[in-house]
Amino acid sequence: MSYYNAQSQRTQQNLARVLSYIFLAFVTFISLFPIVLLIINSTRSGSQLQTGFSLLPGTSFGQNLKAAVGSAAIDLPHGLFNSFFIAGCVCLLTTYFSAMTAYGIHVYDFRLKKAAFNFILIIMMIPTQISAVGFIKLVYGLKLTNNFLPLIIPSVAAPAVFFYMKQYLESSLPMDVIEAARVDGSNEFATFNGIAIPMMKPAIAVQLIFSFVASWNNFFTPALILTDAQKQTLPIMISKLKTMQLSGNSDLGQIYMVILISIIPVVIVYFFISKNIVEGVALGAVKG
Amino acid sequence: MKNFKKNIALLAALACAGTMLAGCTSSTTDGGDTTDAPAANGDTTAAADNGGAADAPAADANAYEAAQTAGTGALTLPEGEGKVFNIYCWNGDFKKYVESYYKAPEGVEFKWHEIANEGGAYQTALDEALMNQDSAAADEKVDLFLAEADYIIKYANTDLTQDVTKLGVQQWDTGYDYTYKAATSVDGVLKGVSWQANPSMFIYRRSIAKDVLGTDDPAQVQEALSTWEKVDEVAQKAKDKGYVMFASPLETYRTFANNSDVSYLNGDKFATTAAFDSWVAQAEKYVENGWSEKYGLWDNEKQAMMGTDGKMMCCIGPAWYFNFCMGTAQEQTNGDWGICVGPQEHFWGGTWLLAATGSDNEAVIADLMNAFTANEEIMDKILSDAKEFPNNTNVVNKYANDDSYGLEFLGGQNHIKMMAECAKNIKWDPALHTQYDQTFNETLPNNILEYLKGVCDKDTAMSNFYIALSEVAPQITHD
Amino acid sequence: MNKRKPIKSISYAKWGYIFILPFFLVYAVFSFYPMVTTFYYSFFENYNQGLTTIGPNFVGLQNYVNLFKPNEGRFELLEYTKNTMIMWVLGVVPQFIFSLLLAVIFTSVRLKIKGQRFFKTVIYMPNLIMAAAYSMLFYVMFSEVGPVGMLCKALISPDFVVFQSVGASRGVIAFINFLMWFGNTTIMLMAGIMGIDQSLFEAASIDGANGRQVFFKITLPLLSPIFVYVAMTSLIGGLQMFDVPQIIGGTDGAPNRSTRTLIMWLNNVVTGKARDYGKGGAISVLIFIITGILSFIVYKSMVKEDPNAKKNKRRNKNVLL
């Protein structure tokens, strides 16, 4: 009887495992398919892409690459640099200042502490786009068009990143450590930079890549501000190629190539720290 | 009922005009110069005056001689001119021409502001820059910008663009009259020029024409397509043989809209025109009879129909269309195409260079504008190298009269000759154009397309359009 | 600790302000001020007629009144809110089902799934690609010349065109959103499951509970605070839906305006040709209010379902507000 039971339990378990793997295979397929498709498309010529669909790679990879890099319409090297520069600055500022704000609220007791925390939670829910009107007026008023500053500076105040950092601190920064540092005569900034920051490394790694990717892919705000062809970022360039393609002035092969080029850096970085991400999201996400 | 009568009347008129169009000499568009047509901006008399004024000043021969040297780098910058020349545009075409054909004066740096026209982003950015022109630093000021036929009037009619004749640009005798009228403000001031003219042609697939009509000779095909009735007959024949006349019911929209003798707008009041109603009636007929597919003008599906196995017999467009927008055809069915005038002459699109007020590079503006209208060497390259139809009759005639010239894509047909005839007849009546033409000519037919596809009924399609219009121009009302 | 506390708050309170100052300063200038001006403009008539700016003229509540008046016999605000919510729900339901399944599979001690790291990496990948680029790929696949589009034609009807069908168009948009976000949700839920006290599972298994019982009686209830959090962030994200429908349906949300979202509406009003700051400001305020109301509803409904609501109340509060 017990033998039979164990047996049936084992078969049941095996069945469950097989079903799980089938499910995982399916999920892997739908996740990877668009990316594979993108790679295939980048090897096919514009007219091949327009007239039909194929899962077989074409032979126009080199031609598309040449068209993408040598395009007169977009300045790909500048685009890569601009995107890198902006996303780089944004992810550094966002993570550092969010960590700092979270630390400030977590470690210190002050009268407005509760109010400040609740305020940030409320603004987290406000869609950024609703202040677009005021933002455009402000940027034009300050004459900051074609300037990276209005894209970089606002990242200092990132409610969602703050919230993540705060959650993380709550679970992993014991007050004793800070007290000990104070006893050693460390000043508050030094304690934050020298003790808290290293302890927040996993959370920081996650938010670095998240904010980098978010900024790298951002189209809405940069498109409002950057008109100078040399100052534009990759998403703007892609949308430019796309509109040109709509009026027949550019080919789809070139567009897919630019998209591919634009996601390669993100995917590479992602693979290197994916372990951190998968663990890190778990770490800080919702310890509340 | 009234509308219906109007439709019939218009159809009859069109038919008559069509039959007269044996060659390319008809003057259908002349009928458009009716003085009772409501002016876009209210001032009918000014508009009419201007219509006459544009032909008046004959360009000075010596000036044209001098303008020939524009764009050769011969210009030395006058004292006080800026070093940075800011150009606003929505794609890289003009940039390519400037970089390949134009030699900039010593010491000037060209700065290109390219804003993709997605969701009207180009005009948004340009407007913002122009409206902030006064407070911008000298090297940030807009010097020159590009505008399309559908909204050029918006810029030409404001003080934000300047009189280019004061800078040394003129209406050259070699230029097509309409290209100057389009860039002239209601009070008769020339604000810019264009390097191209855009007579729009019937582009037909030769092999299909042979199958359906038994000939692919442009003159004979033209004979078969010289009126809308005849086009209908050909469409039925094509259908019987398993083809479709058009890939999109929008194909003929410009032909009708461009030949309308009234504007969509009267003051701040919108009303559909008889030309629009005729187009809708035709589009319904073509979709119902299976004479046309239901794709959009720019859909990939339409491209697919130009390929080796494609069943599309005709599409309609100017030189920029068949040279740049028929990618699949260029690759797969190169040489299997021909052009003819079709039932009604019209033009489609075009890009103009406009001079911004407050520019600190006025000499360069003039040099650039003259280079791309009067410098025949450059204009020759615009035709022979860039494959556009240049706004210079000397160059055009040279090719039109050269029997050995022909376009490989069109099976060796000398398209310049045929298009030159049409370009001469293009009319631009300022009273018929408004700054919202883009919305009328793109959003409106695209909404009707949804109805033709069966996505919604006609009333919903119209209400969708009115909602879109209210976002573009909140002040506009309609019945 | 107790003895030191008052000293600490006296000597260190100012540091709290110093540490949070940059955040609030930047927020005030680049977000709060623009938001206040946005709201301020909602009381003015202020738009462009070509290159002429009309206003700003104070019109009181006229912009709001206009939004609540039917335009062409239609109530745009309701229409676009409905579109947004339908597409959000269509995407978020499979997203939660998939994510929950995956989270359970990954955390199950019994299944001992191999190659977890690979699968987790892969399901997160779609989130890295530009939403617009991702949407373009799907647009091509589902178009009439694309493989899925052709398949639909073959299976459903020769006249069936995906992007001419309201349901299918919304479905494609929801599917893209689902694909982009289920990896993220999975990882969040995994975090939640791993956070559950392991002794509870052990106790359950000693008591002879089977997998299904463990899932419904322990995992799910204890997961609910995280579920609320994920649902809320997803809702807020869903209300901001913009890139994907913009590519699939175009500015006007084809077919028949059925894929136009609130933010697409706002975007077109504000950055379109008319630059209607008055109307745009009023729309912004309404989106703000709608976000608040819907967040509240989701929060309430999810907390009510939770049998341990009382116990978790404080925690939820902390997470959410």
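**Close-up 1. Strand β3 of chain B and its two partners in the predicted model.** I87(B) stands opposite L144(B), a residue of β3(B), in a model that is predicted. The strand to which this pairing belongs, β1 (residues 84-89) of chain B, is joined to β3(B) by two bridges, and the two run parallel. With β10(B), by contrast, β3(B) runs antiparallel, and five bridges join the two. One of the facing pairs is A147(B) with W352(B), the latter being the bridge partner in β10(B). Strand β3 (residues 144-148) of chain B is largely enclosed by the rest of the structure, because four of its five residues are buried.

**Close-up 2. The open sheet β8-β5-β9 of chain B.** Three strands of chain B, in the order β8-β5-β9, make up an open sheet whose pairing is antiparallel. Its edge strands are β8 (314-317) and β9 of chain B, each of which pairs on one side only. Direction ignored, neighbouring strands of this sheet are turned against each other by 30° on average. Strand β5 (residues 201-205) of chain B runs antiparallel to β8(B), and four bridges join them; within β8(B), C314(B) stands opposite Y204(B). Helix α8 (residues 206-213) of chain B lies across β5 and β9 of chain B, and its direction makes an angle of about 80° with β5(B).

**Close-up 3. The loop residue P343(B).** The loop between β9 (337-340) and β10 (351-355) of chain B contains P343(B).

Close-up 4. According to the domain assignment, chain B holds domain 1 (2-33 + 200-346 + 436-451) and domain 2 (47-197 + 349-402). Their contact takes seven residues from domain 1 of chain B and six residues from domain 2 of chain B. On the side of domain 1 of chain B that touches domain 2 of chain B, α14 (319-324) and α20 of chain B each supply at least two residues. The residues of this side of domain 1 of chain B are three nonpolar, three polar and one charged.

**Close-up 5. The contact between chain B and chain C.** Chain B brings 30 residues to this contact and chain C brings 27 residues. On the side of chain B that touches chain C, at least two residues each come from α5 (121-131), α13 (300-304), α20 (437-453) and α21 (458-472) of chain B. Which helix of chain B gives the most to this side? The answer is α21(B), with nine residues. By class, the side of chain B that touches chain C is made up of twelve nonpolar, twelve polar and six charged residues.

**Close-up 6. The contact between chain A and chain C.** Here the contact takes 70 residues from chain A and 81 residues from chain C. The helices of chain A that each supply at least two residues of the side touching chain C include α1 (2-41), α4 (76-107), α11 (201-217) and α14 (252-284). The largest share of this side of chain A comes from α1(A), which gives 15 residues. The side of chain A that touches chain C consists of 48 nonpolar, 16 polar and six charged residues.

**Close-up 7. The helices of chain A.** Chain A has 14 helices and zero strands. Of its 288 residues, 50% count as buried. Among the contacts in chain A between residues at least 6 apart in sequence, 76% join residues that are at least 24 apart.

**Close-up 8. Confidence in chain C and in the model.** Chain C has a mean pLDDT of 84, and 90% of its residues reach 70 or more. Over residues 1-10 of chain C, however, the pLDDT stays under 50, and the model has two contacts beyond four places in sequence for this stretch. The pLDDT is also below 50 over residues 306-321 of chain C, a stretch with 26 contacts in the model beyond near neighbours in sequence. The predicted model as such scores ipTM 0.84 and pTM 0.84.

Technical notes
Residues are numbered from 1 along each chain as its sequence is written. Chains are lettered from A and ligands numbered from 1 in the order in which they are written. This is a predicted model: local features need pLDDT of at least 70, side-chain atom pairs count only at pLDDT 80 or more; totals for chains, interfaces and linings use all residues. Ala, Val, Leu, Ile, Met, Phe, Trp, Tyr, Cys and Pro count as nonpolar, Asp, Glu, Lys and Arg as charged, and the others, Gly among them, as polar. A residue is buried if 20 or more other C-beta atoms lie within 10 Å of its own, exposed if 12 or fewer, and partly exposed in between; C-beta atoms are placed from the backbone. Domain bounds come from an automatic or database domain assignment. Two strands pair if DSSP finds at least two bridges between them. Axes are lines fitted to C-alpha atoms, for helices over the stretch in contact, and angles run from 0 to 180 degrees between N-to-C directions. pLDDT is the predictor's confidence in each residue, from 0 to 100.
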